[in-house]
Amino acid sequence: MKLIYSLLLILCGFAITNAQKTYSVEGIVQDFHDKTTLENAVVKIGDFTTKTDQKGKFSFNKIPSGNYIIIAKHPDCNDYTENIKVTKDLHLTITLEHHIQDIETVTIHGSHKSNGSLIVKTLDKSEIERNSTDNLGNLLSKISGVATLKTGNNISKPIIHGLYGSRISILNNGVRLAEQEWGVEHAPNVDINNFQHIDVIKGASALKYGSDAIGGVVVMEPEIFPKKDTIKGSVNLSGISNGKGLGLDVDVAKVWKDGWAIKSGGSIKKLGDQHAPDYNLMNTGMDFSSFNFTVQKNEYNQGISFDYYLTNQNIGIYRGSHVGNNDDFYNAMSLKTPIYTGNFSYDIDNPRQVIEHHIAKISAFKRFENIGKVSATYSFQYNHRQEYDIRRGELNEIPSLDLELMTHQFNLNDSLEREKWSLETGIDASFQNNYSDPATKARRLIPNYDKYSAGVYSIFKYKISHDFNLEAGARYDFNRYDVTKWYDKSDWEKRYADSYPQFYVRTNQNRVLTRPQLNFENISFNAGLEYHPSTYFNLKFNYAKVGRTPNAAELFSDGLHHSAAVIEIGDMGLKNEQGHQFNLTADAKFNVLGGLNVSVNPYFFITKNFINEVPTGIQNTIRGVFPVWEYQQIDAKMYGIDLDINFKLNDSFTYVGKGSYVHGQDDTHNEPLILMMPPNFSNALQFNKENWNHFYFTLENQTFLTQKRFPIHNATIPIYENGEEVEKTVDFSTPPSGYSLWNIQTGLNISKNLSAGLIVNNVFNVSYRDYLNRLRFFADEAGRNFILNVRYRF
C-alpha cells in the first residue's frame, strides 16, 4: 500500500511540475507596409505587459503554458489583437499601421500635410464652411498665386501661375473632372460643401494626376469618417444681399464601429440679378442645386466605396454682352453705363447656360505585406451642356449649343513603402465620347469625337538622410482623337486640304465632311529635393519636363461660342506643348512674439508650342456682332513669385499677408502674354477669442494693381455717325485701372450646436472692373454684398 501511495504522489508531483512550466515569448513590432520597427509599443499577454525597445523588440521570460490574447498598441496605430497558444518558446512578428514623415512636395499647402516633392496649400473645412456660398474659383483665389478667370460674376475658374483651363486638373474625390473645361466661361461643376479640405498643387510635378496638368492640380477630399456608432450632420442657411439670394446646404452621415458608413447631402442656391454700385446687371441670376451620396466599408487593410455626385446649374449671362449691330457693339464697349440695365428680376433669360453633371464612382483597395497598397477606381461621368443665345421666334427656346460628354475612367495604383524609400506606380485609361446635337440648327462649335487615352506613371521617393529627401517621377501618355467634322469648303481648301487629304470624306455643296484621326504621345518626368535641417526651415525644389496634348476646342472649335459672346477658331495642325518648369519654396519660422511664418515661392516656366487664344478681329453675324478669338501656337515663358506671411502678434491677434506676381511673355511675337494675373497683394488682421464662444473677426484689404504688360489686339469696325459711315477702333486690349477692396468676416458659436457668420465683401461699394473677367468690356463688377450664414450641427 505504501508503494501505491508513493507512486501516486510522484505522478501528482510530475503533473504539478508540468502545469507550472513556463516559456519565453519574444518578438518584434514593425510597420505593416514599410517594415520600420516601432519603439515604445505596448505589448500585453494576459496579465503580463512590456514595451518595445529602440529596435522594436520585446520579450517575456516566464509565461505559463496556456491560451492567451496578445495585444499590441502604439500611438496613432490600430491595435493588434490575436489569440496565441503558449506550449513552447515563441518568436512573433507583429505588424501595425504607422506612417513615417512623408516627403513634402512643392505644393500650395497650409496645415494639412502633403506628400511628394510638390508645393501645396490647403483650405480646411472651417474656411469652406465660412464661404459656403462661393463657387470653387472664387474660393481658391484666397490662395497666393491663384486667380480666377471669370465670365460675369457667377462663372469663374481657377488660374494657377497664369495657367488655366485644361492645364489645371480638378479632382473630385479622386475622380478627374471631365467636362467642357476648355471654355473660359465653363465653371467647374462641383459643390464645395461636399469636401473636408481642398488642396492646390502648384506646378506640373504631380505626375500621378496626368501630364497635361502643367499649371497645377486641385484635389478636393471628402471627410474621413470615424469608426464609431453615431449619426452626424449639419444644416446651413445663407442669405445673400447682392442678388437677393438664398442658399441651403445639408449633409447627414450614419457611421458604424466596423467601418461601414452612409452619407448623403445636397445644396440649393437661388440668385436674382446682381448689381454694380451704379446700376443693375441685367440677367445675372442663377439657380444651383447638387446632390451626393456615399456608401462605404473601410478598414485599414481593405476597403470599398461607392460615390455619386450630381450638380445642376442654370446661369444667366449678362444681357449687355450680346448686341445686334456694329453701332450697339461699339457703344457697349465704350459707354461707362451699359445699354442694358433693367429692373431687378429673378428671371433667367437668354443668353444663359444650363449644365447637368453626374459622377458615379466605385473604388476599392487592399494592403499586401510585400507589394503594398493596391487600389482600383472606375468612374463614369455624364456632362450635358446647353447654351442659349438670343434668337428669333421658336429658335429662342432651342439651345444654340447642345453638348453631351460621356467619360469612362479607370485607374490602377500600387503604393509600396519602406523605411528609406517608397515607390508608387499606376496606370490610367479613359474613353470619352462627345456628341453635339444638330437639333440646335446652328453650326456645331465642337464636333462629335471619340477620345482614347492611356498613361503609365511611376514615382520614387528616397530619404537620403535626416535632412534630405529626394523624389523622381516619370510618365508616358497616349491620346487619340477620332473626329467627325464639317468644314466650310473654302476653309478646308485654304487651311487643310493639302496637309490632311487622308481625312477627306465627301463634299456636300459648300461643306466638306472630314474624319480627322490624330495621335499624340507625351513623355514627362520630374525630380525634386527637400532640405529640412530643422523645424524652423524647409527648402523644396522641383524640376519638371512636361508635355500637353491640345484639347478638342483648341484643335476643332469653329463658330460662335454663345455664352462667351465670342467666335472661336481652332487649328487642327496644333502640336503638343513642350515645356520645362522650375519651382522653389522656402518656408521659415521665427520666434518673434507669438511666432512668424514666412513662405516664398519663386517659379519659372519656359515652353515651346504654347497654345494661346487671342482676339484677331470682329465679325458681324445674323445673331449679332462678336469678337473673333483664334488659337495660335507660340514660344513663351512665365515666371513669378508668391509670398505668404503669418504673424501671430499675441494670443488674440494675427496678421496674414500674401502677394503674387506673374510675368508672361510671348517670345514668338515679342509681346506680353494675354490674360496674365495683375500684381496683387492682401493684408488681413484676424482677431480670435476662444472663450468668447469662438468669436472671430477679420478685416482684409485686397489690392490689384493695373496690369501694365498686355498685348495690343484691337480691331476696327464701321459705324454710322451723323448719317455717315466712319471707322472706329474697338479697344480689346487696355486693362482696366487697379482697385482696392475692403472685406469683413466675423462669427461666433451661439450655442453648442448653433453658429453664425457674416461676410461683407466690397465694404465701400467700389466701382471697378477686373482684367481677368471676359465681360469687363460691358459692365462693372458686382458691388457691396452681405452674406449671412447660420449653421446647425448635430
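In what order do the four strands of the open sheet stand, and is the pairing parallel or antiparallel?

Author: This is a predicted model, and what follows should be read as such. The four strands of that open sheet stand in the order 3-2-5-6, and the pairing is antiparallel. Strand 3 (48–51) and strand 6 (80–86) are at the edges; each has a single partner strand, so one side of each is left without a neighbour in the sheet. From one strand to the next, the twist averages 20°. Within the sheet, strand 5 (residues 66–73) and strand 6 run antiparallel and are joined by seven bridges. As a general point, strands of a sheet pair through backbone hydrogen bonds, either parallel or antiparallel.

Three strands form it in the order 4-1-7, and here the pairing is mixed. Its edge strands are strand 4 (57–64) and strand 7 (90–96), each of which pairs on one side only. The twist in this sheet averages 25° from one strand to the next. Six bridges hold strand 1 (residues 22–31) against strand 4 in the antiparallel sense.

Strand 33 (residues 558–561) pairs with strand 34 in the antiparallel sense, over four bridges. His561 stands opposite Val566 in strand 34. In strand 34 (residues 566–569), Val566 and Glu568 point one way, Ile567 and Ile569 point the other way, and all are buried.

Next come the charged pairs. In general, side chains of opposite charge can pair when their charged atoms come close. The whole structure holds 28 salt bridges. One of them joins Lys150 to Glu781, with 3.1 Å between the closest N and O atoms. This pair links distant parts of the chain: Lys150 is in strand 10 (residues 146–151), while Glu781 is in the loop between strand 45 (754–761) and strand 46 (785–793), and the two are 631 residues apart. Lys150 has a relative accessible area of 11%, so it is buried. Glu781 is buried too, with a relative accessible area of 2%.

Glu387 and Arg385 meet through their side chains at 3.1 Å, N to O. The relative accessible area of Glu387 is 0%, so this residue counts as buried. Arg385, at 2%, is also buried. Elsewhere, salt bridges that share partners join Arg443, Lys485, Asp488, Arg511 and Asp558 into one network. The other pair is Glu299 and Lys297, whose closest N and O atoms are 3.1 Å apart. Glu299 is partly exposed because its relative accessible area is 35%, whereas Lys297 has a relative accessibility of 18% and counts as buried.

Gln381 sits in strand 24 (residues 372–388). Its relative accessibility is 0%, so Gln381 counts as buried. A polar atom of the Gln381 side chain lies 3.0 Å from the backbone nitrogen of Ala178. The side chain of Gln381 also makes a polar contact with the side chain of His357, again at 3.0 Å.

Last, the surface. A nonpolar patch of about 910 Å² is found there, made by Ile304, Phe306, Ile362, Tyr378, Phe410, Leu412, Ile427, Val456, Tyr476, Ile523 and Phe525. Strand 22 (302–316), strand 25 (401–417) and strand 31 (517–534) each supply at least two residues of the patch. Leu412, one of the patch residues, is found in strand 25. With a relative accessibility of 35%, Leu412 counts as partly exposed. The patch residues themselves are required to have over 30% relative accessible area and no salt bridge.

How values were computed. Residues numbered from 1 in each chain as written. Predicted model: local features only at pLDDT ≥ 70, side-chain atom pairs only at ≥ 80, totals over all residues. Heavy atoms only, no water. Patch = residues over 30% accessible without salt bridge, like charges linked within 9 Å, V, L, I, M, F, W, Y side chains within 5 Å. Areas by Shrake-Rupley, 256 points an atom, 1.4 Å probe, with all protein chains shown as cover. Salt bridge = Lys/Arg side-chain N within 4 Å of Asp/Glu carboxyl O. Buried < 20%, exposed > 50% of the residue type's maximum accessible area, 1.4 Å probe, protein only. Pairing = 2+ DSSP bridges. Axes fitted to C-alpha atoms, helices over the stretch in contact; angles between N-to-C directions. Polar contact = N/O pair within 3.5 Å; in protein donor to acceptor, adjacent residues only side chain to side chain.
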